[in-house]
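Let's walk through this one together, from the inside out. Have the viewer open and follow along.

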Amino acid sequence: MRRFAIMFAFVTGLCGAGPAAAERLVVSLSNHRVAVTSSFVGEELVLFGTIEPDPVTSPLRPPYDLVVTVTGPRQTLRTRRKQRVLGIWVNVDSREFVRVPAYLAVLSNRSVNTIANADTLRRLQIGLDNFLLPQRIGSDVADTVRDDPFRRSFVRLQTQQGLYRESSTAVTFLTPTVFRAAIPMPAAVPTGSYGIEVELFTGGNLVARTNSALDVIKTGFEQYVADAARDYGLLYGMATALMALLIGWFASVIFARD
Amino acid sequence: MQIYLPIADLPVNIFLVLGMGLAVGYISGMFGIGGGFLMTPLLIFVGISPAVAVATVSSHIAASSFTGALSYWRKRALDIALALMLLSSGIVGTATGVWLFTELRALDQLDLMIGVSYVTLLTIVGAMMIYESVRAILRTRHGMPATLRRPGSHTWLHGLPFKLRFKRSKIYVSAIPVWAIGFVIGFVGAIMGIGGGFLLVPMLIYFLRVPTATVIGTSMVLTLVTMASATVMHAATNHLVDAVLALILMVGGVIGAQFGARPGQKMRGERLRLLLGLLVFAVGCRFAYELVVKPDDLYSLRYVRSG
């Protein structure tokens, strides 16, 4: 029985279909590579898709709801809290958020809380409140309750930077079965591999899902400089110091008045 | 026009940064200082992290002090022997500073350390400069000569052992205060992202009695070497030096310095010192305000590692 269940999951997984297997998602991303160049000020990617009956003869069951979750490369970040000590504000307490996405966008056609019930959303990790954000607490690594002040501040700070977002208007249905999702990429977007999870709901149930991916890369001179600084720190430092000397010397030659 | 800074990891307006370089360069040319104590806070103010600001400004100061040192070298207005002596401990100070910088960053206390250092150093030095220059201005107004102390007068520093003779500066002093001064300047420079010219010049004059003819040139040589080595060390250990940002700052800085030099030469010495003292004091107060007033956001994030 258990073996059968695993096999069933595997087969449905292969088909890219959800539990009910009556709909299929076909999506296409406008661009799979975002190049961060010296003039990069952010970009908006567009994900187009249609809802197809699967098998072809099965009926469609609109209205549909769609949630697109974009997750960036994993990072470990520390959230620090200031407290007044001897009259000045000092970082006294901190929590480490372990392997959390550097970018996280939850895009939907309406508020995720109205799409499915709280249990489903939590199980599927849909929405900023439900996404797993593990913290290191002592020697343990676990997510906390969503009201945890560190978790809330972490999400708030990431949202302020445009790196985390939850938008209930970013997905629009052009027809009942054709949709478009706008994925904003802010100027400070971290480089790396991004995963895109597209989940289709009807009547509060997940009926189909598919995924896609994109890469954010630094290109040209920026990439070269960033790589050099990271991999060849000493040489990079010497080159920078040499550049300083050259410019200093240049200036003294050009502006010499004596 | 926006340009993306590869290490600071954010886009900035190239003209804003160039303008900051020009403005600080103008002031540094006027007072004959590196201007790090103004540049580092300005960079923090436009959103660059304090750690990147401190590490990057060191290369900017290396450039401006090299220009200065070259012009003093041509005028033969620097004391190489004294500069080498200061350097021998200055580099040790820089290395200690970079080490402490790395440790504090790991403990999340780097920003606090930078803030506290700025407050204590700048308010004290600024207040001393204001006091000294106001006294000098009042004294000249009452028609008294502006000499502070008779040349050749001795302090307890002159009683210390390991005496050395520095021919060009015509001084005969113990190596201990020379080493101590070099170490302090190298250390605070690496921690705070300042060249320390505004500290070093008064120290050399008051403690070692270095004559005004060689003091600025000598101080520039020390600043040059400590800041160039701070650049290399910050880049090698913390990977925080942003070469693109540094380049824009340097270009703005060296041009600005040329325009600042002329009004600086026209102004009277004590007036100039009063203005600089007020500026130093104001920057110190700005940092104090930030430490004491409740921040808008008690929480902040720090990148630890990828993955």
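Which residues have the most contacts inside the largest nonpolar core? Keep in mind that this is a predicted model. The residues to look up are A:Val68, B:Ala62, B:Leu224 and B:Met250, and the core they sit in counts 155 residues. As background, nonpolar side chains in soluble globular proteins tend to be buried together.

If you want to see who supplies that core, go to helix α8 of chain B, residues 212-237: this helix gives the most, with 13 residues. Domain 1 (2-218) and domain 2 (219-258) of chain A both give residues to the core, so the core lies between them.

Now zoom in on B:Met250. Leaving out residues up to four places away in sequence, B:Met250 touches A:Ala244 and A:Ile247 from chain A, plus B:His60 and B:Ala63 from chain B.

Let's stay with the two domains of chain A for a moment. Where they touch, domain 1 of chain A puts in six residues and domain 2 of chain A puts in six residues. On the domain 1 side of that contact, the elements giving two or more residues are β2 (33-36) and β14 (205-218) of chain A.

Chain A also has a sheet to trace. Four strands make up an open sheet in the order β1-β3-β12-β11, and the pairing is antiparallel. At the edges you'll find β1 (23-29) and β11 (171-175) of chain A, each pairing on one side only. From one strand to the next, the twist averages 25°. Inside the sheet, β3 (residues 43-53) and β12 (residues 178-185) of chain A run antiparallel to each other and pair over eight bridges. For one bridge to click on, take A:Thr50, whose partner in β12 of chain A is A:Val178.

Chain B has 10 helices and five strands. The C-alpha trace spans about 65 × 40 × 40 Å along the principal axes of chain B. How does that chain stand against a compact globule in radius of gyration? A compact globule of 307 residues would come out near 19 Å, and chain B has 19 Å, so the two agree. Of those 307 residues, 52% count as buried. Take the contacts in chain B between residues at least 6 apart in sequence: 80% of them join residues at least 24 apart.

Definitions and conventions
Residues are numbered from 1 along each chain as its sequence is written. Chains are lettered from A and ligands numbered from 1 in the order in which they are written. This is a predicted model: local features need pLDDT of at least 70, side-chain atom pairs count only at pLDDT 80 or more; totals for chains, interfaces and linings use all residues. Two strands pair if DSSP finds at least two bridges between them. Axes are lines fitted to C-alpha atoms, for helices over the stretch in contact, and angles run from 0 to 180 degrees between N-to-C directions. A nonpolar core is a set of buried Ala, Val, Leu, Ile, Met, Phe, Trp, Tyr and Cys residues joined through C-beta atoms within 7 Å. A residue is buried if 20 or more other C-beta atoms lie within 10 Å of its own, exposed if 12 or fewer, and partly exposed in between; C-beta atoms are placed from the backbone. Domain bounds come from an automatic or database domain assignment. Two residues are in contact if their C-beta atoms, placed from the backbone, lie within 7 Å. The radius of gyration is taken over C-alpha atoms; the globule rule is 2.2 Å times the number of residues to the power 0.38.
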